[in-house]
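User: Hi! Could you walk me through this one?
Analyst: Happy to, here it is.
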Amino acid sequence: MKDAIDVMDKTGIPVQKIKNKGRKLIVEDGHYRFIFAKPMDVPLHISHGTADLGFVGSDVMKELEVPLIELADTGKGKCRIVVAGPPHLEKRFNGHESGLMWLTVATKYPNIADRYFSSRGVQVKILNLHGSIELAPVIGLSDCILDIVQTGSTLRANNLKILENVIPVSLYLAANKKSTQFKWRDISDIVKKIKEFREVENHWGNHMKE
Amino acid sequence: MGNHFSYVKERIIVVKMSRLPRGCSNVCGDLACKMNICRTSFISSFSRFGYLPFWPSGLQLLETAWEKLPSTLRNRLLTLNTPFGEPCCLRTDITLAAVAYLSSHFSPEERPLRLSYADRIYSNPQNPDPNLENFQIGAELLGWEEEGADIEMIFLLLRYLENIGIKNAGIVIGDVAILRKILPSIKSALCDKLAKALVKGSFSEYFQIIEKLGVEDSKITFLRTLPELKGGHEILNRAKELLGNDNLLGPITRMYDSLKNLGFEDQINIDLALTRELDYYSGPIFDIYLPEYGKPVGGGGRYDGLLANYDIIGQAMGFALDLEVIASFSRTKTMPEKALVWSGGLSADSVFPETLSITQTGIDIELSWVRSRNSSMRLAKNRNVSFWIDLANRKVLRFSDNSDISLDRWLGELKC
């Protein structure tokens, strides 16, 4: 949420009230109405039209595949989805695909996992967990995991190693199809501002590297 | 002789609840009544303009459907083998059935063919929609009728929605022909990906692909601006400036102008990035929105590409709407008042002549043949009807004010 508030602030959306929202799930401020929902529920709110816009992780969008209009990558919350497991699996993942057949993969992204391994022609058993995914190979529930990783410290703490990168993840601005048609002027202003501050951030990022 | 105490133990009948398969539903009650009114209104309003009612088969041969359907629909087919051993799919797209019907039943001289339909379609659910089955109403116009036919369909559709009380339905129009004409000059692999990104609604992916294109400036500027080209007539002017001419904008401009002249200007939105599968659609396309509903309630467009798959050269235009959603937002004429008519022990041949005279007043009735007056009256209250009629005693009970009146007097009042 911190990233979403930061983006809204930069695009001129008023955020003062939502910074101090307490336990409220709906906050109104001028022309805006903010709805606070679980990350996995945001796409449904948008697609049903209860929200015009929403901030959604690209991991959630790819997992749920709810029809949304993906407007812009905010560049925030960058991480990635990877396959990770005990170090001894590295040899199998570096070898022929047949070595991966029927591995048990624990994940909270069963659809992403299914599509990823299917695209490689590999059939795996997918175990759909909802939290502490890193635990699964440690206690023998699965061979490996497909999960989101940022710094990798949780993996290292549980003696797991990144075996493959699956997809990069970041925070996106998404919209309801109807809203992009009938409220485009307001929405396009926000999209433009996101592009502008991303260009500035990229410019300074390149400058710092130099 | 001792006292007998007899206990009448009430029989408790346990009814085992039965459920439907996941993703399926029955529709009854008010919504079913409204759906019926909307469906009847749709078929009759289109039939006045020459659209023949069409009832397609519930099954389609997989070998036929597979090749003709766009890839996005193929993986949603519900397949089965018939008892005759033929791999089939449940009807997923009525347009396909309409075109197949045209190709096999009509010679070119007999075209154009206008069809309308109201039926269920079946497909694998697509998140977040949990339904395997949906009710669809739609129309197809197959032939050589030029642009007038495109306007005809949209005009009749908007007029139909007005007639069932849906004011201010929004229509968003686009034209896939614009992209189809620009993209061939670009590397073909990226062409497909660009179109797919627009169909998917992924602007971020779209812009990433644009950056990789090596095309002349006016085209890339137009493509880069394309997702923003949404709005009213001013969008057409902007597109003309970007393209340097209005050659590609002719059909959509004429469509907009016609609809505007027909009084629908406030309801039309243009979106030049509105895209569908390019090998199926070939010209103007549109989506329909209702003011209070968050998703498109249907849509359609020119699909000459599909006709070509049947080796038919010609023009095809069609659309489909979700009947259940349309019905739930319709504001049709007031439903007739209802009465429960208790036979009061009279024979059927005495009851029916009386009931016919009641129905002629515009009141809908339901007959109650139970012996018990109280049971019949209880049912009337459960049904929430306006009147309970005791035919034997020729009395009418009005639930609105709990008054009763003689049947003859009541009929007299209604006929006035």
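User: Thanks! Which domains does the assignment give for chain A?
Analyst: Chain A has domain 1 (2–77 + 170–209) and domain 2 (79–168), with bounds from an automatic or database domain assignment. This is a predicted model, where local features need pLDDT of at least 70, side-chain atom pairs count only at pLDDT 80 or more, and totals for chains, interfaces and linings use all residues. Residues are numbered from 1 along each chain as its sequence is written, while chains are lettered from A and ligands numbered from 1 in the order in which they are written.
User: How many residues of domain 1 of chain A are in contact with domain 2 of chain A?
Analyst: Six residues of domain 1 of chain A contact eight of domain 2 of chain A, a contact being C-beta atoms, placed from the backbone, within 7 Å. On the domain 1 side, no residues are nonpolar, two are polar and four are charged. Here Ala, Val, Leu, Ile, Met, Phe, Trp, Tyr, Cys and Pro count as nonpolar, Asp, Glu, Lys and Arg as charged, and the others, Gly among them, as polar.
User: Over to chain B. What is the strand order in the open sheet?
Analyst: The order is β1-β5-β6-β12-β11-β10-β7-β9-β8 in chain B, nine strands with mixed pairing. Strands (E, at least two residues) and helices (H or I, at least four) are DSSP runs, numbered from the N terminus, and two strands pair if DSSP finds at least two bridges between them.
User: Why do β1 and β8 of chain B each have one side without a neighbour in the sheet?
Analyst: β1 (52–53) and β8 (230–231) of chain B are at the edges with a single partner strand each, so one side of each lacks a neighbour in the sheet.
User: And how many bridges join β7 to β10 of chain B?
Analyst: Six bridges link β7 (residues 170–175) and β10 (residues 284–289) of chain B, and the two run antiparallel. Val172(B) is opposite Asp287(B) in β10(B).
User: Nice. At what angle do α5 and α11 of chain B cross?
Analyst: Roughly 40°, with the axes of α5 (residues 146–163) and α11 (residues 250–264) of chain B coming within 10 Å. Axes are lines fitted to C-alpha atoms, for helices over the stretch in contact, and angles run from 0 to 180 degrees between N-to-C directions.
User: Which residues of α5(B) make that contact with α11(B)?
Analyst: Glu147(B), Asp150(B), Ile151(B), Ile154(B), Phe155(B) and Leu158(B) do. Counting both helices, the contact of α5(B) with α11(B) has nine nonpolar, one polar and three charged residues.
User: What about α1 and α5 of chain B, how far apart are their axes?
Analyst: The axes of α1 (residues 29–47) of chain B and α5(B) are 10 Å apart, at an angle of about 135°. Their contact has four nonpolar, three polar and no charged residues.

Conventions: Two residues are in contact if their C-beta atoms, placed from the backbone, lie within 7 Å.
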